[in-house]
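Subject: Structure handover

Hello,

Here is the structure for you to look through. My notes follow below it.

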Amino acid sequence: MLTRNCLSLLLWVLFDGGLLTPLQPQPQQTLATEPRENVIHLPGQRSHVHRVKRGWVWNQFFVLEEYMGSEPQYVGKLHSDLDKGEGTVKYTLSGDGAGTVFTIDETTGDIHAIRSLDREEKPFYTLRAQAVDIETRKPLEPESEFIIKVQDINDNEPKFLDGPYIASVPEMSPVGAYVLQVKATDADDPTYGNSARVVYSILQGQPYFSIDPKTGVIRTALPNMDREVKEQYQVLIQAKDMGGQLGGLAGTTIVNITLTDVNDNPPRFPKSIFHLKVPESSPVGSAIGRIRAVDPDFGQNAEIEYNIVPGDGGNLFDIVTDEDTQEGVIKLKKPLDFETKKAYTFKVEASNVHLDHRFHSAGPFKDTATVKISVLDVEEPPVFSKPLYTMEVYEDTPVGTIIGAVTAQDLDVGSSAVRYLIDWKSAGDSYFTIDATEGTIATNELLDRESIAQYNFSIIASKVSNPLLTSRVNILINVLDVNEFPPEISVPYETAVCENAKPGQIIQIVSAADRDLSPAGQQFSFKLSPEAAIKPNFTVRDFRNNTAGIETRRNGYSRRQQELYFLPVVIEDSSYPVQSSTNTMTIRVCRCDSDGTILSCNVEAIFLPVGLSTGALIAILLCIVILLAIVVLYVALRRQKKKDTLMTSKEDIRDNVIHYDDEGGGEEDTQAFDIGALRNPKVIEDNKIRRDIKPDSLCLPRQRPPVEDNTDIRDFINQRLQEHDVDPTAPPYDSLATYAYEGNGSVADSLSSIESLTTEADQDYNYLTDWGPRFKVLADMFGEEESYNPDKVT
């Protein structure tokens with residue numbers, strides 16, 4: 001507080017008598033003699049002959065920040081030349097903070113700061129002052145503008161706005177290697193005093209790092225800092241203002257520095273010998289063990305590559321690097337056999353993949369270790385002497401003949417006996433058998449090469465001591481051919497010869513085929529049979545290349561004399577035993593043109609000018625007989641039908657009754673006859689009873705009682721009704737067939753007696769005889785019915 005008051009007094013003494021020329025910038029200081037107070041003189045209206053005396057010329061005031069006095073802080077004084085001290089002048093103040101921060105005495109013009117100010121919040125205030133007449137309220141002179149600056153004091157410590165910091169530097173870096181630059185900010189006025197002049201220092205982190213006091217650059221202070229010894233460092237940095245002098249304010253921040261890895265360490269095996277145990281049954285390509293070299297480096301600097309040093313046993317194994325664990329995985333390249341070799345020894349070398357040439361002087365970045373592998377004995381199945389057995393057998397070999405043998409051995413210590421078994425694909429396959437103890441294979445059925453030329457099956461060998469241990473081998477048996485089929489002529493078996501053929505002409509070339517498996521170079525020979533060689537019409541010329549030609553021996557052939565010639569050809573093969581066959585070729589005589597082109601081979605065409613052949617005559621006669629039989633049968637059927645009609649109309653009256661209560665299909669029965677012509681079109685629209693449902697019973701009035709005396713018709717109707725009731729093929733409902741319309745234009749009108757009012761006894765049918773011959777049958781029927789009197793029957 002005493003320091004601040006002394007500074008205020010000093011400023012007041014220095015600025016006493018300062019003058020401000022309003023609204024016009026002036027030099028900051030002008031030397032004068034008076035006045036001796038902090039006064040701003042406001043210019044008034046003056047004559048040009050008067051000169052205004054001025055002392056200090058100053059356009060701004062200063063006020064201390066953070067003033068803590070009990071009285072308002074005095075800032076300065078406004079004064080007008082027109083003010084004679086009579087109290088007629090009033091001073092006003094406007095602008096930044098007028099009335100709230102700064103006040104003015106209206107009579108004296110004294111300015112005071114009524115509250116504490118903070119330069120960092122607002123460094124200066126711009127205000128305007130004016131002198132007015134207290135009575136007229138009119139300005140005595142123009143308004144003047146001035147500035148009040150807040151004088152800075154060291155009230156803000158330096159701050160690290162970007163802290164805390166994170167930095168890194170490679171390990172083994174030399175002294176003075178750049179790490180990081182820190183920067184502290186001081187809110188105090190850098191243009192005034194040392195309040196904002198910052199000096200950096202290290203409070204924690206020595207002797208590893210150092211810092212430049214002016215720039216804040218952090219550098220390494222020790223050589224060869226090893227990440228594997230210590231990786232993380234925490235450095236405490238201090239920034240102090242006032243140039244680091246006593247009484248200055250300070251701020252701190254933390255810098256976390258990490259040493260990054262470099263490849264400065266080679267891989268090392270933790271032990272010089274690695275022992276591994278591997279079963280001999282391990283499959284090729286499987287991992288049989290892992291070894292590991294230790295590298296204290298990190299990341300790619302710790303990547304290790306393993307190699308097997310060429311030597312004893314190294315060619316049976318391979319080693320690869322596990323990228324996740326950086327271990328060396330030893331894999332098997334070839335199968336192991338305990339009985340052959342029980343142990344292997346080789347060396348493995350471990351080296352870094354990414355090398356740093358700066359550290360090559362320290363020595364080779366690699367290490368070696370010895371790997372010893374012990375092969376463990378595993379009980380194994382028997383082993384066949386061959387991976388595949390191939391045998392041959394002739395197709396005529398007798399059943400039970402031994403054609404070969406297989407051999408399997410138990411190579412384990414204390415070998416066991418072996419048993420053999422054929423593994424057929426199906427239970428029906430049993431062409432061969434094997435001796436379970438000796439392994440000999442014999443035929444079990446007669447073999448036929450033409451059916452199956454090759455057999456492929458497996459034989460299983462198992463140990464007697466452990467039947468579950470089995471091995472399998474493939475057997476391939478080729479069936480050898482035996483010459484058992486004679487050769488035969490390949491198609492065609494039929495050829496033609498022209499009537500105008502000349503002797504020695506080749507009319508057909510034939511070849512032979514043999515169902516046997518003919519060996520390479522087999523020859524077929526062709527010749528005539530001995531009985532055909534006597535006065536032959538044709539002969540066979542053997543070309544000695546498995547083909548032969550049919551050659552003519554006559555000058556011309558006649559179809560009328562002989563249409564067909566049969567030529568027996570004997571073919572022999574060259575295998576052992578020799579097989580031969582006689583093949584008969586048919587040679588047809590044909591008519592040809594002068595160029596030898598066949599025109600016709602039909603023998604019937606020869607007889608057309610003189611008559612028909614016997615076959616043609618028989619065929620014609622047979623057709624005539626069939627036509628006559630059809631005509632006779634048709635006539636007989638027509639006569640039989642006509643006779644049945646007469647019998648129905650004359651001999652049996654009951655069959656001539658027309659039934660109107662037909663229980664058949666009715667109108668839907670289209671297989672009988674079409675009754676559409678008998679339907680009255682006017683009645684069709686009224687009668688819409690559905691045919692697919694059972695119709696309701698209709699109570700139709702009967703105009704006439706039934707004739708009870710006619711027992712024949714009643715018995716006939718009952719018989720037919722009973723037949724339809726028990727018929728299983730009848731529809732499931734009664735179908736009513738209605739014949740309600742008989743057409744128009746009849747001279748006799750309607751013949752139906754349904755609507756007749758007279759009884760049957762009142763009818764007179766004698767007039768029917770006058771209608772002509774067409775109604776004679778009807779007149780006879782009703783005439784006989786009148787003469788029939790059932791009462792007279794005794």
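**Contacts of Thr 397**

Leaving aside residues up to four places away in sequence, Thr 397 touches Thr 443 and Leu 446. Please keep in mind that this is a predicted model. Thr 397 sits in the loop that links strand E26 (388-394) to strand E27 (402-405). Its relative accessible area is 12%, and because buried means under 20%, Thr 397 counts as buried. The side chain of Thr 397 also has a polar atom 2.6 Å from the backbone oxygen of Tyr 394.

**Strand pairing around E16**

Strand E16 (residues 232-240) pairs with two strands described here, E13 and E17. Strand E13 (residues 199-204) runs antiparallel to E16, and five bridges join them. In this pairing, Tyr 200 stands opposite Ala 239 of E16. With strand E17 (residues 250-260), E16 forms nine bridges, again in the antiparallel sense. There, Gln 238 is placed opposite Thr 252 in E17.

**Cis peptide bonds**

Most peptide bonds are trans. The bond from Gly 163 to Pro 164 is cis, with omega near -5 degrees. Pro 164 belongs to the loop between strand E10 (144-151) and strand E11 (165-170). Gln 206 and Pro 207 are likewise joined by a cis peptide bond, with omega about 5 degrees. The loop that holds Pro 207 runs between E13 and strand E14 (209-211). E13 is the strand that pairs with E16.

**Positive phi**

Most residues other than glycine have a negative phi. Arg 137 has a positive value, with phi near 65 degrees. Arg 137 is in the loop between strand E9 (124-133) and E10. With a relative accessible area of 52%, Arg 137 is exposed, because the cut-off for that class is over 50%.

Asn 546 is another residue with positive phi, here near 70 degrees. It is placed in the loop between strand E38 (538-542) and strand E39 (547-552). Is Asn 546 buried or partly exposed? Asn 546 is partly exposed, because its relative accessible area of 22% falls between the cut-offs of 20% and 50%.

Regards

How values were computed: Residues are numbered from 1 along each chain as its sequence is written. This is a predicted model: local features need pLDDT of at least 70, side-chain atom pairs count only at pLDDT 80 or more; totals for chains, interfaces and linings use all residues. Side-chain values use heavy atoms; hydrogens and water are left out. Helices (H or I, at least four residues) and strands (E, at least two) are DSSP runs, numbered from the N terminus. Buried means under 20% relative accessible area, exposed over 50%, partly exposed in between (1.4 Å probe, protein chains only). A polar contact is a pair of N or O atoms within 3.5 Å; within protein, one must be able to donate a hydrogen and the other to accept it, and residues adjacent in sequence count only if both atoms are side-chain atoms. Contact means heavy atoms within 4.5 Å. Two strands pair if DSSP finds at least two bridges between them.
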